[in-house]
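Take a look at the model first, then try each task before reading its solution.

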Amino acid sequence: MVNQLSSTAIAYPTGHTEETDKPYPTFSFLNNTFIESKSTEWFDIHDPTTNFVVSRVPQSTEEELEESIESSHIAFQSWKNVSIIKRQQFAFKLVELLRENFDRIASVIVLEQGKVFADAQGDVLRGLQVAEQACSITSDLKGSFLEVSADMETSMAREPLGVIASICPFNFPAMIPLWTLPLAIVSGNTTVVKPSERAPGAAMIIAELVEKAGIPPGVVNIVHGKVPTVNKLIRDPRVKAVTFVGSNKAGEYIYQEATKHGKRCQANLGAKNHLVVLPDANRSQFVNAINGAAFGAAGQRCMAISVLICVGETKNWVQDVVDYAKGLKIGSGFDPNSDLGPLVTPSAKDRAEKIIEQSIKQGAEILLDGRGKYPEQYSKGNFLAPTILANVKPDMDCYVEEIFAPVLSVINVQTLDEAIEIINKCPYGNGTSIFTTSGPAQQKFTKNVDVGQIGVNVPIPVPLPMFSFTGSRGSFLGDLNFYGQAGLTFLTKPKTITRLWKTSDYEDSAKTTSMPTH
Ligand code: NAD
């Protein structure tokens with residue numbers, strides 16, 4: 001048995017801490033109890049704005065990982081039989097508690113991940129919306145029924161799978177765990193969540209709310225760590241499905257390893273999202289939208305726009321984009337005047353700066369250079385201000401790499417066809433967008449572009465939870481997408497039952513060994 005603490009609410013800091021402040025603990029959550037890991041291996045969590053250590057996250061021990069899976073496996077045996085109405089009631093309660101703790105979750109996201117507070121609230125909101133939608137899946141779980149004949153019927157029910165492992169990235173610490181957790185538990189599954197080792201605080205508050213909502217022990221467990229934790233979750237036979245969101249490098253490995261071990265897997269991966277602007281677009285609407293989509297969250301969104309394709313004369317609009325971007329303020333996420341915060345780690349910043357440098361060597365023209373700029377108070381933070389590279393060609397590093405930073409690459413073309421060709425040649429297919437007032441042009445774009453999520457005058461077209469998150473090609477591995485109907489189908493398996501209730505005497509039945517034909 002691992003060492004237990006009583007279930008507890010941590011008073012997370014609601015602002016930056018001092019270097020001398022004691023780091024707050026990051027517990028694991030097993031059987032509705034917060035436990036302090038017995039691990040000998042811990043990773044520091046730094047506040048990206050100050051680079052002071054704010055917490056330490058353990059590499060969960062083998063014993064802790066074993067307990068997380070086993071308790072989830074045991075809890076599944078009873079949880080699947082809890083009535084759907086009761087499971088729905090738990091989800092209602094969880095939604096209510098998420099609302100009550102909304103800003104508390106957003107605060108810890110700002111502290112550990114660096115995004116600005118309003119954006120962190122958006123992170124919580126987009127997860128909360130999936131949780132709200134999960135309350136209504138009672139209707140979607142109805143299954144189907146057919147009266148085959150007067151004495152025969154076939155019904156199809158969707159049953160839960162068992163233990164679902166959820167492996168999460170750093171950039172949406174609340175939204176991504178909530179893409180899976182509520183749907184999984186309302187549909188009768190149990191879950192083991194592994195938050196990002198760089199930003200686990202939001203998931204820990206969600207764990208606290210799970211316990212407060214009265215959800216039984218073992219239905220939701222949270223463990224931590226890096227590859228050893230992931231390997232345990234994707235190989236253990238008691239885990240029936242894996243949901244992953246993160247980079248291509250980790251996701252391709254996880255998808256292959258999980259499916260090799262007989263599990264369902266859905267893996268949302270990296271991206272390179274293009275925005276195409278046509279000369280008939282509303283210029284100021286476009287300038288505003290591209291700035292938010294390229295530089296918001298310091299570009300650390302999988303749906304960030306990182307490539308602008310200017311068609312024809314719109315290349316002359318780029319100066320407006322530069323002027324607008326110059327006015328964006330980098331700073332602490334707790335400062336309501338900040339437009340973007342720092343990158344998550346010093347190495348993320350170094351990597352982005354190296355890609356910028358290399359792209360300039362390859363012939364890109366730097367129109368706005370965000371390197372070496374810091375807010376006055378936070379000279380140790382991982383800041384990179386908005387950066388714009390022009391005359392970009394598809395073989396340059398800034399185009400090939402997912403930079404995951406506030407760096408916008410601009411490509412000029414003459415026609416919409418050329419823009420579509422560039423997008424379709426890019427290996428990623430997460431999101432894309434067109435700005436135009438032409439119906440036929442948007443129709444041509446939406447029909448011909450091979451990308452899973454398209455916006456028309458919408459820069460970041462993330463679908464609401466009644467749809468699914470439908471990234472495609474190099475941005476997704478699997479058959480069924482996250483949340484919505486596809487998410488529910490992923491988390492459940494069909495069971496058909498064919499019943500015969502003869503109204504006439506059984507003795508009347510003719511003897512036969514041939515295939516029944518009803
Ligand atoms: P990451 O791949 O580094 O980490 C994601 C998770 O995988 C973490 O929990 C991490 O511990 C684990 N992990 C990392 N390397 C691993 C390995 N070698 N083996 C096993 N597990 C490993 O991703 P990140 O940096 O946290 O997140 C940013 C990435 O996530 C970007 O590429 C972004 O585009 C992508 N993302 C995609 C979506 C989407 O919906 N498509 C949404 C958010 C983020």
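Helices (H or I, at least four residues) and strands (E, at least two) are DSSP runs, numbered from the N terminus. This is a predicted model: local features need pLDDT of at least 70, side-chain atom pairs count only at pLDDT 80 or more, and totals for chains, interfaces and linings use all residues. Residues are numbered from 1 along each chain as its sequence is written, and side-chain values use heavy atoms, with hydrogens and water left out.

**Exercise 1.** Locate M466 and work out which patch it belongs to.

*Solution.* Start with the loop between β20 (454-456) and β21 (472-473): that's where M466 sits. Next, check its cover. Buried means under 20% relative accessible area, exposed over 50%, and partly exposed in between (1.4 Å probe, protein chains only). M466 has 48% relative accessibility, so it counts as partly exposed. Like charges are joined within 9 Å, nonpolar side chains (Val, Leu, Ile, Met, Phe, Trp, Tyr) within 5 Å. The areas come from the Shrake-Rupley method with a 1.4 Å probe; for residues, only the protein chains shown count as cover.

**Exercise 2.** Is S187 buried or exposed, and what does its side chain reach?

*Solution.* First, find S187 in the loop between α6 and β9 (190-194). S187 is at 2% relative accessibility, so it counts as buried. Now for polar contacts: pairs of N or O atoms within 3.5 Å; within protein, one must be able to donate a hydrogen and the other to accept it, and residues adjacent in sequence count only if both atoms are side-chain atoms. The S187 side chain reaches the backbone oxygen of A184 at 3.1 Å, and it also makes a polar contact with the side chain of N189 (3.1 Å). Last, leaving out residues up to four places away in sequence, S187 touches (heavy atoms within 4.5 Å) several residues, including R87, I137 and L488.

**Exercise 3.** Describe the surroundings of G363.

*Solution.* Go to the loop between α12 (346-361) and β15 (365-368), where G363 lies. G363 has a relative accessible area of 45%, so it is partly exposed. Not counting residues up to four places away in sequence, G363 touches N391 and M396. Then compare two distances: G363 and V392 are 29 residues apart in sequence, and 7.6 Å apart in space, C-alpha to C-alpha.

Technical notes
Patch = residues over 30% accessible without salt bridge, like charges linked within 9 Å, V, L, I, M, F, W, Y side chains within 5 Å. Salt bridge = Lys/Arg side-chain N within 4 Å of Asp/Glu carboxyl O.
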